[in-house]
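Subject: Structure handover

Hello,

Here is the structure I promised to pass on. My notes follow directly below it.

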Amino acid sequence: MTSRRNLTEGSVGGHIWRLSAAMGWGIVAMNAVQFTDMWFISRLGHDALAAISFTLPVTTLLFFMVLAMSSGMTSAIARASGMQRIEHAARTVTVGLIGSFIIGCLMMVGAYLLHEPVFIAMGATPELMPLIDNYMLTWLFGIPFMAICIVANSGTRGMGEGALPSYVMLLLAAVNFVLDPLLIFGLFGFPRMEMTGAALATVISYIVAMIAAVYIASHRMHLIRLKTLRNIHKTKKALKTWLHVVAPVSIAYAIEPFAAGVLTACVARMGLDAVAAFGVATRIEGVALIMLMALWGAVTPLAGQNWGARKYDRVILTIELSTIANGIFCAIFAVAMWMFGREVVSIFSQAPLTIELAVIYLAVVPISYVGFGASGLIGSALNGTGRGHLYLGANLFRVVSLVGMALVGTTLAGFIGFSLGIGAANLLAGALIVLWARRVFLAPMRV
């Protein structure tokens with residue numbers, strides 16, 4: 001392992017900066033796929049924009065299940081790397097990629113069988129269902145490829161390499177950006193496929209990115225070695241190490257889009273303008289929260305490698321420095337949304353009521369990301385050290401608070417109350433999770 005990838009030595013702040021910057025570009029690319037889809041689909045009309053907004057909770061759930069596999073792999077490989085168990089790391093990545101493909105296929109079939117009643121329960125109208133189907137029934141075929149791509153990337157990241165995984169995701173975004181207008185609008189002789197075209201562009205993009213990610217994991221990082229699977233006992237142990245984090249984190253991540261589904265159903269009772277506004281605002285959040293997600297992505301391998309090397313003081317320092325960066329970014333983003341929220345929302349929609357509601361949301365919620373980001377940093381550290389069960393408990397508390405306070409706010413003051421409820425929940429849950437972590441998770445490491 002090169003000195004640059006050895007996170008147990010050198011400046012913790014330097015590692016945070018390097019990994020966050022690389023992770024940030026990867027997240028930019030992943031969000032660019034959604035941003036591009038939303039922007040081009042919005043040109044198909046208001047119904048198309050509302051339809052793609054309804055798909056967000058479902059696609060987010062499936063994507064989060066893939067991210068759970070990714071988090072488990074990063075954690076397992078980081079700890080193995082910190083303990084200098086390189087062969088175990090290669091065995092874990094190899095069996096993990098096989099497992100991720102199988103799980104991805106099961107997710108695809110399950111989502112196909114359940115998608116229609118789920119969307120109807122969320123409040124999708126019969127007029128929107130054909131548009132939703134056109135997108136979802138194609139998008140689902142990409143799940144196994146997405147799983148392999150992201151899990152292979154996470155194995156590389158667990159070894160302390162930040163740049164190569166980000167290049168893979170930039171390739172994903174570039175291919176999707178080129179294919180979207182060609183397949184949605186039928187440019188340059190391509191068939192006009194509209195919603196189906198947007199989904200097909202995403203599937204093809206993930207196939208291309210998957211090939212690149214597997215090549216890097218195999219030929220650059222030497223993490224794919226089929227011969228390591230000959231030892232059945234060690235292979236089972238490697239699989240167990242991966243799934244030990246994947247299982248609780250999957251549940252924790254599943255809670256997030258479930259909450260998003262409840263919140264979407266809540267705003268659906270206020271009309272399609274409210275649904276579209278919520279969809280646009282959450283897409284803007286996805287782009288704007290790049291720094292937070294980049295910090296989370298940096299904390300997991302940093303905490304994992306240093307935990308494996310028993311350098312607990314560096315784990316604590318990682319959390320402290322990243323928490324400071326979290327607070328600075330959240331303040332900047334909140335001010336930016338107060339000043340330019342209307343202009344940003346207008347990129348996605350020209351409907352006056354949709355714009356007004358989205359602006360309200362972006363004026364209220366962003367300041368609460370201080371709490372949301374801090375709780376995410378604690379969760380990333382818990383995942384990195386293999387304590388996914390503790391992360392599950394913390395995240396369950398946060399999401400229950402979020403849904404409960406948003407529903408109460410909606411009942412009392414409509415969309416404004418909905419936004420205030422989300423903001424208050426983020427701040428309250430974040431503060432309590434940080435206090436809990438200082439007493440339960442971090443305190444023993446200070447001894």
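Helices α10 and α13 are roughly parallel to each other (angles under 35 degrees count as roughly parallel, over 145 as roughly antiparallel, 65 to 115 as roughly perpendicular and the rest as oblique). Helix α10 spans residues 290-308 and helix α13 residues 369-384. They pack at about 25 degrees, with axes 7 Å apart. Axes are lines fitted to C-alpha atoms, for helices over the stretch in contact, and angles run from 0 to 180 degrees between N-to-C directions. Helices are DSSP runs (H or I, at least four residues), numbered from the N terminus.

This is a predicted model, where local features need pLDDT of at least 70, side-chain atom pairs count only at pLDDT 80 or more, and totals for chains, interfaces and linings use all residues. Residues are numbered from 1 along each chain as its sequence is written, and side-chain values use heavy atoms, with hydrogens and water left out.

On the α10 side, the contact (heavy atoms within 4.5 Å) includes Leu-292, Trp-296 and Val-299. On the α13 side, Tyr-369, Phe-372 and Gly-376 are among the residues involved.

Ser-375 also sits in α13. Ser-375 is buried, at 9% relative accessible area (buried means under 20%, exposed over 50%, partly exposed in between, with a 1.4 Å probe and protein chains only). Leaving out residues up to four places away in sequence, Ser-375 touches Arg-398, Gly-430 and Ile-433.

Next, α5 and α6. Helix α5 (residues 143-158) and helix α6 (residues 163-185) cross at roughly 155 degrees, and their axes come within 8 Å. These two helices are therefore roughly antiparallel. Cys-149, Asn-153, Thr-156 and Arg-157 of α5 meet Pro-165, Val-168 and Met-169 of α6.

Now the aromatics. The whole structure holds 12 aromatic pairs (ring centres of Phe, Tyr and Trp, its six-membered ring, within 6.5 Å; planes under 30 degrees apart count as stacked, over 60 as edge-to-face and the rest as tilted). Phe-278 and Tyr-361 pair edge-to-face, 5.9 Å centre to centre with 70 degrees between the planes. Phe-278 is in α9 and Tyr-361 in α12, so this pair ties together parts 83 residues apart in sequence. Both Phe-278 and Tyr-361 are buried.

Phe-333 and Tyr-369 are stacked, because their ring centres are 5.7 Å apart and their planes at 15 degrees. Phe-333 lies in α11 and Tyr-369 in α13. Phe-333 is buried at 6%, and Tyr-369 at 2%. Trp-296, Phe-329, Phe-333, Tyr-369 and Phe-372 form one aromatic cluster.

Best wishes
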